[in-house]
Amino acid sequence: MRLIEIGQKYLENEDFSLNPLSDNKEANDLLCNLEHFPHAFVLGCLMDFQIKAKKAWLIPYTVFRKLNAFSMNDLLKFEKEDFVKIFREKGLHRFNETVGGRFYNALQKIHTEYNDNAANIWANKPKSEEVVRRFRSFDGAGVKIATMAPNILYRRFKIPFSDLCGIDISPDVHIRRVFKRMGYVEGNFQNQKTNKLIIKKARDLYPEYPGIFDIGCWQIGQEFCHPKKIGRPECERCPLNDECKKFIQFE
């Protein structure tokens, strides 16, 4: 299947220097420093909620710098109100009060359940399903965040898991568009039922690692499969055009 081949190709050859988590170099360096600041990565994942991903990934660095506190030991000295205040003052999120509280709650959870070391969430080559469950248990973490986080850990940081079958696809606008145009799912474009159908279809297509479709669909969506409102999809150049059901009919 061509889409699986594309996912495997990106896994093998993706240049993450061209696709940083944050466009701010210092913020990106912090997020990628899993050895010393794994909590920054976890917090960045949790912030990715109804705002642009690049804005979400910048939040941990912005908060840490404002407090002049980067280690867990220093961050734990602050109260929930301190975090909420920074979120409000800097307008870090659409839901500053709620998400500022989640930021604090996540630090407390890492402190009490993971011995101040967020890397314990994925330590010792756990089953991928267990890592998804651990992320899902954080305040505010939905299915998308809980599957996205271990997928990034595996793809970008080469964190080993004992299996990959628990890492589902994380439906976003690109994945929904590609899966619908390929004819894999039908229904309302942003309906939750459609998201569930996408997850099920990905499991059926590649049960050993359903999340492999994430990066391929994202790249196809960005480069070729544009929404009609921003321009004609570039189907003639798309590597999926020999399999795509929407090669002629556009959304």
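**Close-up 1. An aromatic cluster built from Phe and Tyr residues.** Tyr-61, Phe-64, Phe-70, Phe-78, Phe-83, Phe-87, Phe-103 and Tyr-104 come together as one aromatic cluster. The view is taken from a predicted model, in which local features need pLDDT of at least 70 and side-chain atom pairs count only at pLDDT 80 or more, while totals for chains, interfaces and linings use all residues. Residues are numbered from 1 along each chain as its sequence is written, and side-chain values use heavy atoms, with hydrogens and water left out.

**Close-up 2. Two edge-to-face Phe pairs.** The structure holds 16 aromatic pairs (rings of Phe, Tyr and Trp, the last by its six-membered ring, with centres within 6.5 Å; planes under 30 degrees apart are stacked, over 60 edge-to-face and the rest tilted). With ring centres 5.8 Å apart and planes at 85 degrees, Phe-41 and Phe-157 are edge-to-face. Phe-41 belongs to helix α3 (residues 38-47) and Phe-157 to helix α9 (residues 143-157), so this pair ties together parts that are 116 residues apart in sequence. Helices here are DSSP runs (H or I, at least four residues), numbered from the N terminus. Phe-41 has 0% relative accessibility and counts as buried (buried is under 20% relative accessible area, exposed over 50% and partly exposed in between, with a 1.4 Å probe and protein chains only). Phe-87 and Phe-103 are also edge-to-face, their centres being 5.7 Å apart and their planes at 65 degrees.

**Close-up 3. Charges over rings.** Look for the charged end of Arg-102 over the ring of Phe-49, 5.0 Å from its centre. Lys-109 lies over the face of Phe-138, at 5.4 Å from the ring centre. A charge sits over a ring if NZ of Lys or CZ of Arg is within 6 Å of the ring centre and within 35 degrees of the ring normal.

Close-up 4. Lys-80 is in helix α6 and, at 32% relative accessibility, is partly exposed. Beyond its neighbours within four places in sequence, Lys-80 is in contact (heavy atoms within 4.5 Å) with Gly-101, Tyr-104 and Asn-105. Arg-155, in helix α9, is buried, with a relative accessible area of 13%. Again leaving aside neighbours within four places, Arg-155 is in contact with Leu-11, Glu-14, Phe-16, Tyr-209, Asp-214 and Ile-215.

**Close-up 5. The largest pocket.** This pocket holds about 1400 Å³ of space. Of its 40 lining residues, Asp-48, Ala-53, Lys-144, Met-148 and Asp-172 are the closest to its centre. α9 gives the most to the lining, with 9 residues. By class, the lining divides into 17 nonpolar, 12 polar and 11 charged residues (Ala, Val, Leu, Ile, Met, Phe, Trp, Tyr, Cys and Pro are nonpolar, Asp, Glu, Lys and Arg charged, and the others, Gly among them, polar). On a 1 Å grid over the protein atoms alone, a pocket is an open set of points with protein on both sides within 12 Å along at least five of seven lines, a cavity is a set where a 1.4 Å probe fits but cannot get out, and lining residues have an atom within 4 Å of a point. Points are joined across faces, edges and corners, and a volume is the space filled by probe spheres set on them.

**Close-up 6. The cavity.** The structure holds 1 cavity of 30 Å³ or more, and the largest cavity has a volume of about 120 Å³. Among the 15 residues lining the largest cavity, Arg-181, Cys-225, Cys-235, Cys-238 and Cys-244 are the closest to its centre.

Methods. Helices (H or I, at least four residues) and strands (E, at least two) are DSSP runs, numbered from the N terminus.
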